[in-house]
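Subject: Structure handover

Hi,

Here is the structure you asked for. My notes on it follow below.

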Amino acid sequence: MDYMTLKEASEKWGVSSRQINYYCTDGRIQGAVKMAGVWLIPADTQKPVDRRRKKRGDKCDKNCDM
């Protein structure tokens with residue numbers, strides 16, 4: 001199985017390596033393993049869904065309860 005590092009995954013997915021580190025720590029990336037202090041992520045893994053809330057102005061009308 002081929003693996004990629006945090007840096008490679010961040011370039012591929014367009015997010016920071018710190019955010020990918022959070023994904024790995026939370027167990028949101030299937031198959032990610034930590035070896036010798038380095039996270040290894042399966043190369044064919046899809047980016048996890050971002051669960052953070054959207055800002056009020058993003059696709060939200062006056063009746064939005066956010």
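Where is isoleucine 29 found? Isoleucine 29 sits in the loop between α2 and β2. Helices here are DSSP runs of H or I with at least four residues, strands are runs of E with at least two, and both are numbered from the N terminus.

Before the rest, the ground rules. This is a predicted model, in which local features need pLDDT of at least 70 and side-chain atom pairs count only at pLDDT 80 or more, while totals for chains, interfaces and linings use all residues. Residues are numbered from 1 along each chain as its sequence is written, and side-chain values use heavy atoms, with hydrogens and water left out.

**Overall**

The protein has 2 helices and 3 strands. Along the sequence they follow the pattern β-α-α-β-β. Of the 66 residues, 27% are buried. Buried means under 20% relative accessible area, exposed means over 50%, and partly exposed lies in between (1.4 Å probe, protein chains only). The protein exposes about 5,300 Å². Carbon and sulfur atoms supply 48% of that area. Accessible areas come from the Shrake-Rupley method with a 1.4 Å probe; for residues, only the protein chains shown count as cover.

Contact means heavy atoms within 4.5 Å. Take the contacts with a separation of 6 or more: residues 24 or more positions apart account for 45% of them.

**Isoleucine 29**

Isoleucine 29 has a relative accessible area of 5%, so it is buried. Setting aside neighbours within four places in sequence, isoleucine 29 contacts Trp13, Ile20, Tyr23, Cys24, Ile41, Thr45 and Pro48. Proline 48 is 19 residues away from isoleucine 29 in sequence, and their C-alpha atoms are 6.8 Å apart.

**The two helices**

Helix α1 covers residues 6-13 and helix α2 covers residues 17-25. Their axes come within 8 Å and cross at roughly 110°. The axes are lines fitted to C-alpha atoms, for helices over the stretch in contact, and angles run from 0 to 180 degrees between N-to-C directions. The two helices are therefore roughly perpendicular. On this scale, under 35 degrees is roughly parallel, over 145 roughly antiparallel, 65 to 115 roughly perpendicular, and the rest oblique.

Which residues meet where α1 and α2 touch? From α1 come Leu6, Ala9, Ser10 and Trp13. From α2 come Ser17, Ile20, Asn21 and Cys24.

In α2, Gln19, Ile20, Asn21, Tyr23 and Cys24 are buried. Their cover includes α1 and β3 (38-42). Asparagine 21 is buried because its relative accessibility is 16%.

With 48% relative accessibility, arginine 18 counts as partly exposed. Arginine 18 and leucine 6 are 12 residues apart in sequence, and 8.2 Å apart from C-alpha to C-alpha.

Glycine 27 follows α2 and has a positive phi, near 75°.

**Surface patch**

Met1, Tyr3, Val33 and Met35 form a nonpolar patch on the surface. Together they have about 430 Å² of accessible area. Patches are made of residues with over 30% relative accessible area and no salt bridge; like charges are joined within 9 Å, and nonpolar side chains (Val, Leu, Ile, Met, Phe, Trp, Tyr) within 5 Å. A salt bridge is a side-chain nitrogen of Lys or Arg within 4 Å of a carboxyl oxygen of Asp or Glu.

Tyrosine 3 lies in strand β1 (residues 3-4). It is partly exposed, at 37% relative accessibility. Not counting residues up to four places away, tyrosine 3 touches Glu8, Gly31, Val33, Leu40, Ile41, Pro42 and Ala43. Tyrosine 3 and valine 33 are 30 residues apart in sequence, with 9.6 Å from C-alpha to C-alpha.

Methionine 35 belongs to strand β2 (residues 33-35). Methionine 35 counts as exposed, because its relative accessibility is 51%.

**Alanine 36**

Is alanine 36 buried or exposed? Alanine 36 has a relative accessible area of 84%, so it is exposed. It lies in the loop between β2 and β3. Alanine 36 is not a glycine, yet its phi is positive, about 55°. Most residues other than glycine have a negative phi.

Best wishes
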